[in-house]
Protein chains: 2
Amino acid sequence: MDAHNVTARLAEFLADSRWEDVPSPVRHEAVRSLLDWLGCALGGCRDDAVDRVLALLAEVSGPPAATVIGRGERLDILNAALVNAISSNILDFDDTHLRTVIHPTSPVASALLAFAEHRRTTGERFLHALVLGVEAECRIGNAISPGHYDRGWHITSTCGVFGAAAAIGKLLGLSPREMRWALGVAATQSAGLVEALGSMAKSLSVGAAARNGLLAALLAAKGFTGPERVIEGVRGFANVVGERPDFDAITTRLGAEWALAVNAHKPYPCGIVMHPVLDGCIDLHRGHSLPPERIRRIALTVNPLAVARTSRPDPRTRLDARLSLQHGAAVALVHGAAGIAQFTEASIQDPAVAVLRGKVDVREDPAVGRVEAIVAVHTTDGRILSTHVRHARGSVECPMTDVEIEAKFRELAAAGAPGCRADRIIALVRSLEAADDAAALARASVPTGVA
Amino acid sequence: MDAHNVTARLAEFLADSRWEDVPSPVRHEAVRSLLDWLGCALGGCRDDAVDRVLALLAEVSGPPAATVIGRGERLDILNAALVNAISSNILDFDDTHLRTVIHPTSPVASALLAFAEHRRTTGERFLHALVLGVEAECRIGNAISPGHYDRGWHITSTCGVFGAAAAIGKLLGLSPREMRWALGVAATQSAGLVEALGSMAKSLSVGAAARNGLLAALLAAKGFTGPERVIEGVRGFANVVGERPDFDAITTRLGAEWALAVNAHKPYPCGIVMHPVLDGCIDLHRGHSLPPERIRRIALTVNPLAVARTSRPDPRTRLDARLSLQHGAAVALVHGAAGIAQFTEASIQDPAVAVLRGKVDVREDPAVGRVEAIVAVHTTDGRILSTHVRHARGSVECPMTDVEIEAKFRELAAAGAPGCRADRIIALVRSLEAADDAAALARASVPTGVA
C-alpha cells in the first residue's frame with residue numbers, strides 16, 4: 001500500500017490546484033454550501049452549548065481578531081474557528097456528503113472565515129480553499145468509509161481536521177512538503193466519538209477539528225514538521241482508524257471528480273431518513289384542506305432504516321423530536337412546514353400535534369428506498385388522501401434549489417440571530433468570488449446593535 | 001459489558017477520593033515524578049519544536065496567566081499546558097508506566113501547573129490531583145493495552161487527555177456526574193498517532209492532551225454536558241480504540257493499587273531497551289582503565305527486542321543516536337556516562353566514539369530479559385572484561401533512587417535552562433505537600449534575568 005504514496009499526491013494536488021481548474025458547477029456549489037453553512041451558524045449561535053463554551057473562552061481567548069458569527073463577541077482566530085464550527089453543526093442542519101455522512105463545510109469554512117479576518121483574503125481564494133478543504137476531507141473519508149463511522153468515529157470531526165488544514169494550508173501557500181506536514185499534524189489531532197451524540201459534546205469535536213486543522217497549517221508554515229506519509233504509513237491514519245482502507249479513493253480522478261458536486265443540503269432540521277415523509281405530509285397539507293381534527297389516521301410506508309432510526313412516537317426533548325418520524329409527520333400536517341419552529345419544546349407540547357402523533361402508523365417496506373415514502377391520510381369523513389414521494393427534496397436526485405437554500409438561510413438567521421441583515425449577507429455570499437475581502441461576511445453576520 | 005458501569009465508578013472514585021486515602025509511598029512517588037517531569041520540561045524547553053509552537057502561540061494566546069517552564073514567556077492557561085507538555089515529552093526522557101508505555105506525568109502535571117497559576121492551589125491538592133490524574137489515564141490505558149498502542153495509537157496522548165481532565169476536575173471539585181462529563185468531553189478529543197514519531201509533531205499530541213483535558217474539565221464545570229458512559233458505551237472510547245477492552249482493569253482494586261506505585265524513571269535519554277547495555281558499559285568504564293584505543297571489540301548479548309528496535313550501527317541524527325545500541329555502548333565506554341551530552345550531533349561525530357561504534361557486535365538471545373544484558377569488552381592486549389546486568393537501573397526491580405532522580409534533574413536543568421535555580425526548585429518540589437501555593441514552582445523554573 002505504500003506504493004500509493006497518497007499523502008504526497010494529495011498534498012501536491014492541494015498545493016498546485018488553480019481556481020481555473022475548478023469547474024463552474026463546483027464553484028457554484030461552493031457558494032451554495034457557504035450560504036447554507038452561514039445560515040446554520042446563525043441558527044445555532046445562541047444554543048446553550050455555544051453559550052457555555054463562550055463563557056469559558058471569554059476568560060482565556062487571545063487577541064479579539066475574529067468574530068463569533070451572529071454574535072457580538074470577538075475571539076482569537078483559533079477559538080473563533082472552534083466556536084463557529086460548533087454553532088454551525090449544533091442543529092444537525094448543515095450540509096452532508098452522503099457517501100461518508102461528513103458534514104463537510106462546517107470545519108473547513110469555520111477555520112477559513114476566522115483566518116480571513118486575520119489575514120486579508122479575496123473571495124476567490126476563500127472559495128478555492130473551501131473547495132479544496134472539502135475535497136481533502138471527503139476523499140480521506142471515502143477511503144475509510146463505511147467502516148470508520150460504523151465503528152463509532154464521528155467522521156465530520158475525524159476527517160474535518162484534514163479539511164481545515166488543507167484549506168488554510170492553501171491560503172498560506174504551503175509547499176507540497178509543508179502541506180504533508182500540515183496533514184500530518186492534523187492527523188495526530190484527529191478525534192471525535194459517535195458516543196458523544198446526544199450531549200453538548202457532540203459538536204465540540206467538530207469545533208476542535210476546525211481549530212486543530214487551522215493550528216496544523218499555521219504550524220507547518222512555521223517549519224513545524226509532521227510525519228510525511230501520515231495517511232498511508234503503517235502506523236498512519238488510515239490503517240489506525242480505517243477498517244479496510246481503500247487508498248485509491250483518495251487519488252482516483254483527483255481534480256476530475258469533486259466532492260462538492262455531490263454535496264446535499266437538508267431542507268428540514270431533523271434526521272435525514274425522515275425527510276421523504278415530511279415532503280409527503282407538506283404536499284398533502286398544501287393540496288388539500290386538512291384540519292387536524294378531520295384526520296383519523298396517518299399511514300406511513302418507509303424504508304426500514306427510517307423505522308430503526310426515527311420511530312419515536314412520544315418525543316420529550318428537542319433532540320428526540322428531531323429523530324421522531326411521528327412528530328415530523330404531525331407537525332408537517334398541522335403547519336404545512338417542518339422548520340426550526342416545528343422542533344421546539346412548544347411544538348412538542350402543542351395539543352394538536354400531540355394528538356396527531358398518536359394517529360401515525362408506521363410500516364416498513366424494504367422495497368421503499370431511503371429517499372422515498374408513501375404517505376396516506378385517512379380522514380374522519382372516509383377519504384384517503386395519499387402521495388408517493390420518490391425522491392426527497394435535498395436528495396442528489398432532487399437537490400434543493402438556490403431559492404430554497406436562501407429561504408432556509410432566512411429562517412435560520414431569523415431564528416438564531418434576529419435583527420441580522422439577511423439580505424446583505426446573501427448578497428455578499430452571492431458576490432463573494434469577486435470580493436476583495438472575504439472577512440466582510442463575518443462582520444456582516446452580527447446583528448445591528450449587538451456588536 | 002455495560003454492566004460494568006466503569007465510567008460512573010471511575011468518576012465517583014475520582015470525586016470522592018481524599019488525600020488521606022493515598023498511601024505514603026504513592027505520595028512520595030508523586031513528588032519524585034513531579035521532579036523528574038519538571039527536569040524534562042527544563043531540558044526540552046528550548047527544543048526547536050517548542051520554539052516553533054511558541055512563535056505561533058505568541059500571536060494568538062490569551063491573557064498571560066501561566067508560565068512557560070524554564071523560559072520567560074507567559075501564555076493563557078490552555079496554551080501553557082500545551083507547551084509545557086511538549087517541552088517535557090520532547091526528549092523522550094520522561095517517566096514511564098511500563099505496562100502501557102504511557103508517559104504519565106507530562107499531560108497531567110502540565111495541565112495542573114498551568115491551572116494552579118490561574119487558581120491558587122495548595123501543594124497537597126496539587127499532588128492529590130496528580131495522583132488521581134495518573135491513576136485515571138493508566139487504568140484506562142490498561143483496559144486497552146497492548147492492542148491500542150500496537151495498532152498505532154500514541155497512548156500517552158490518547159489516554160493523557162483523561163488524566164488531565166480527571167486531575168483538573170478534582171481541583172474544580174466536580175460532582176461525579178460532572179466528572180463523567182469531563183471524561184466524556186475528554187474522550188471525544190482523544191487523539192495521537194505513533195506515525196508522528198520522528199517528527200516535531202510527536203509531542204504535539206501530548207501537548208494537546210494536556211490542553212484538551214484541561215478544557216474538558218473547565219467546560220464540565222460550566223455545565224457543558226458530555227456522554228455519561230463514554231468509556232464502556234457501545235460507540236464509546238474503549239470499544240472504538242481498544243481491540244479487546246478489559247473493562248475490569250479500570251475498576252479492579254481501585255484505591256488499593258496505584259499506578260504511580262509502579263512508575264519508572266529513565267536514567268538515560270534514549271530507548272529504554274538500550275538501558276541495560278549502558279549500565280554494563282558504564283560499570284566497565286568505572287571498574288577498569290579502558291582507553292578507547294585499547295578496545296578491540298565490544299560484544300553485546302541482549303533481548304531480541306533491543307536488536308529489533310535499536311540496532312543502528314551508523315546513526316546520523318540525534319534521534320537516530322537515541323535509538324542506537326552501538327552509539328550508546330560507544331559513548332558509555334568512552335565517557336563513562338550516557339547523558340544528554342552523549343546524544344548530541346557533536347558526540348555522534350566524535351572520532352573516538354565513531355571508531356568504537358564500528359567495533360560493536362550485537363547478538364540477540366531470547367533467554368536474556370528485556371532489562372538484562374551481557375557486555376564483554378575484548379582489549380587489544382587479549383583481555384576480556386565482562387559484566388552481566390540483570391536488572392537495568394530504572395527498572396521496577398532496580399528503581400532510580402531519589403538522589404539519582406535529583407542528579408538527572410540537575411543535568412536536564414543545566415542543559416535546557418542554564419541559570420535556573422535548580423536547588424530552589426528541588427527544595428520547592430520536596431516540600432510541596434506543605435506549600436500554600438503550588439504555582440511557585442512555575443515561577444521558580446524561569447532562570448534569573450530571563451523573565
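## Terms and model

A residue is called buried if 20 or more other C-beta atoms lie within 10 Å of its own, exposed if 12 or fewer, and partly exposed in between, with C-beta atoms placed from the backbone. By this rule A:P418 counts as exposed, because it has 12 C-beta neighbours inside 10 Å.

This is a predicted model, in which local features need pLDDT of at least 70, side-chain atom pairs count only at pLDDT 80 or more, and totals for chains, interfaces and linings use all residues. Residues are numbered from 1 along each chain as its sequence is written, while chains are lettered from A and ligands numbered from 1 in the order in which they are written.

## Chain A as a whole

Chain A contains 21 helices and 8 strands; helices (H or I, at least four residues) and strands (E, at least two) are DSSP runs, numbered from the N terminus. The radius of gyration of chain A is 22 Å, close to the 22 Å that the globule rule gives for 451 residues, so chain A is as compact as a globular protein of that length. That radius is taken over C-alpha atoms, and the globule rule is 2.2 Å times the number of residues to the power 0.38. Along the principal axes, the C-alpha atoms of chain A fill a box of roughly 75 × 55 × 40 Å.

Of the 451 residues of chain A, 60% are buried. Two residues are in contact if their C-beta atoms, placed from the backbone, lie within 7 Å. Among the contacts in chain A with a separation of 6 or more, 79% join residues 24 or more positions apart.

## The domains of chain A

Chain A is assigned domain 1 (2–265 + 400–444) and domain 2 (272–389); such bounds come from an automatic or database domain assignment. The centres of domain 1 and domain 2 of chain A, taken over C-alpha atoms, are 33 Å apart.

Between them, 7 residues of domain 1 of chain A are in contact with 5 residues of domain 2 of chain A. On the domain 1 side, helix 19 (residues 402–416) of chain A gives the largest share, 3 residues. A:P418 lies in the loop between helix 19 and helix 20 (422–430) of chain A. From A:P418 to A:P313 the C-alpha distance is 32 Å, and the two are 105 residues apart in sequence.

## How the two chains meet

Chain B is superposed on chain A by a rotation of 180° with 0.0 Å of shift along its axis (RMSD 0.1 Å). That is the relation of a two-fold axis. The superposition is by least squares on the C-alpha atoms of residues with pLDDT of at least 70 in both copies. B:G62 is the residue of chain B that comes closest to the rotation axis, at 1.6 Å (C-alpha).

The contact takes 49 residues from chain B and 48 residues from chain A. Elements giving two or more residues to the chain B side include helix 3 (48–60), helix 9 (176–187) and helix 10 (204–221) of chain B, and helix 3 of chain B gives the largest share, 6 residues. Because 98% of the interface residues of chain B are also interface residues in chain A, the copies meet through the same surface.

## Helix 10 of chain B

Helix 10 of chain B is mostly covered, with 18 of its 18 residues buried. After helix 10 of chain B comes B:G223, whose phi is positive, near 85°.
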